[in-house]
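Here is a brief report on a two-part topic: how the chains meet, and how selected elements of one chain are built. Please keep the structure in view while reading.

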Amino acid sequence: MTTEKDLLSINNLSVSYNTSAGIVSAVEGISFSIEEKEIFALVGESGCGKSTTAYALMRLISEPGEITGGNIIFQDQDLLSLNHKEMFNIRGKKISMIFQNPLDSLNPVLRIRSQVSEAIVLDKISKKAAWKKAVEIIKEVKIPDADERANSYPFELSGGMRQRVMIGMMISRKPKLLIADEPTTALDVTIQAQILEIIKDLKEEIGTSILLITHDFGIVAEIADRIAVMYAGKIVEIGDVFQIFEKPCHPYTQLLMGSLPRANKKEGRLKTIFGSVPNLINLPKGCRFNERCPYSKKKCQEIEPKMEEVKKGHLCACILMRK
Amino acid sequence: MIKNFISEGLKNKTFCVGFFIFISVLFIAVFADIIAPYAYDEMEIINKLTNPNQQHLFGTDRYGRDVFSRVVFGSRIALQVGLIVVLIESFIGISLGLLAGYYGGITNRIILFITDLTWSMPPIILALAIITMLGPSLNNVVISIAVVSWAQFTRIVRAKTQSLKNMPFVEAARAFGENDFNIILRYILPNVMPSIIVITTLALPSAILLTSSLGFLGLGAQPPLPDWGVILSNGIPFIRKAPWIAIFPGLAIAYTVLGFNLIGEGLRDILDPKLKI
């Protein structure tokens, strides 16, 4: 799967949490790769391991979590083999991350300006220069009244502005890869559109690749190049946007698409997927989706499906699709 | 922010009263030379044990020393010792608390063990033991009190740090490549500051009380230094004949300690938004 253009490739990555109730394997043996200048979306419902994957990429998994296997190759370097200090040079400089909750992602006791310059100073430029540049960055992410806003405290800004400041900070060091962990979850639709616009520009202007984590197919359709669908810690389908939207192959993907609200159809109630995500401590045998799958056959409970190619670049893990 | 703080402070009566008391004690300590009519060790044997009168506002003790002047000079010792002790113990306590809370694991266990150990002993007894080891003097009082009471800082700072280190903004700081030292200093410490300020204002009166207690027991400041505890213990043998010798330093201790406690209480209300409804 690895080609020369790949910026990042993850092979067989597993993460598990050691809890008192047992070992939770939040992510199990996932593999995917992100090319340069690509927006790669990781989609799935809550608790399926999307964020855990992102944290693992940054090596920010904290106790009791643990990366139990696999490797993460970023620019020909295995991130999992780096030590604590070497990781500091990767984080922020080469890989940055935007978090789910913009409301709490800024230090409440620092003014926006000192916060942003804090991030730039890490690039070994003088404090004065950073101080000046901070305002430019705030302007870049299209915050009105940048000069005045720079001297505000985070609680004086709206959620959207805070998220933009956050993005500004994270892109100020021109990372090669930006992980956006549900960047628009807490924001309303208009702000959402603006944030997505900024992310898109980022890809075009700086050439950053983006790993977009979301559960919103609407966003995916709008900006992603390729998609991976995750279910209960595994990737069930990977493909480019057109392949997946036109011909979803895995039943889970099909059901997810089916449960989207559509403007052009009168359907009455929204469709839902029966049941909920299985307990990650006690996973069902065979295919992890078999309990909820409408097409489930007996062999689904016995064989664990592997990723297989449907078309070039379109992989899917379902034994039923072979026919 | 600061404007806000001042207006909040003015609204809070507890804080105002405490602050007034603190300022008055500070004023007396700073201008002790001017306020006190006599030197603290000036003896007039002829006038020993006189009642409070115009020459001697608080009367005199058995060597004919003016109790008023001694109490006034005593405020210097109380404030100095109190402030130095609090500086030392907060430095130790805060650093250990931050380390334990941030790193967790074995660091946390070791620090917590030491903290619990010092916490489990009554402070005055531990201080007594340390003083007997080092010998009675004001410097050793400072050391012993700092050693017994840093644990209160550690406990609270540790608990706050633990809850802060998982806040999204700390995670975000890590994600853009801040190192641990910067995270602790710029992201965690300022957010723990409100609690630290409150503990400090509450640690100060207890330090003053401990100093006086040790002085009273003869293990702190040595006579003729006018430590409030020392004056009080000098007055005890004459408590029937000349009660003013013991009463006035006692009142001074109570007044000062009350002031700091009120400030602490008021600050807690002002700085903790959760208490506001």
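## Strand pairing in chain A

Two strands pair if DSSP finds at least two bridges between them. The model is predicted. In chain A, strand β6 (residues 95-98) and strand β7 (residues 177-181) pair in the parallel sense, over four bridges. Ile95(A) has Leu177(A) in β7(A) as its bridge partner.

Which way do the residues of β6(A) point? Ile95(A) and Met97(A) point one way. Ser96(A) and Ile98(A) point the other way. All of them are buried.

## Helix α4 of chain A

Helix α4 of chain A covers residues 127-140, 14 residues. Its end C-alpha atoms are 20 Å apart.

Ala130(A), Ala134(A), Ile137(A) and Ile138(A) are the buried residues of α4(A). They pack against three helices of chain A: α3 (112-121), α5 (146-149) and α6 (159-171). After α4(A) comes Lys142(A). The phi of Lys142(A) is positive, near 60 degrees.

## Where chain B meets chain A

How many residues of each chain are in contact? Chain B contributes 14 residues, and chain A contributes 22. On the side of chain B that touches chain A, α9 (168-175) and α10 (180-216) of chain B each supply at least two residues. The largest share, six residues, comes from α9(B).

By type, this side of chain B has eight nonpolar residues, three polar and three charged.

Definitions and conventions. Residues are numbered from 1 along each chain as its sequence is written. Chains are lettered from A and ligands numbered from 1 in the order in which they are written. This is a predicted model: local features need pLDDT of at least 70, side-chain atom pairs count only at pLDDT 80 or more; totals for chains, interfaces and linings use all residues. Two residues are in contact if their C-beta atoms, placed from the backbone, lie within 7 Å. Ala, Val, Leu, Ile, Met, Phe, Trp, Tyr, Cys and Pro count as nonpolar, Asp, Glu, Lys and Arg as charged, and the others, Gly among them, as polar. The expected span of a helix is 1.5 Å times one less than its number of residues. A residue is buried if 20 or more other C-beta atoms lie within 10 Å of its own, exposed if 12 or fewer, and partly exposed in between; C-beta atoms are placed from the backbone.
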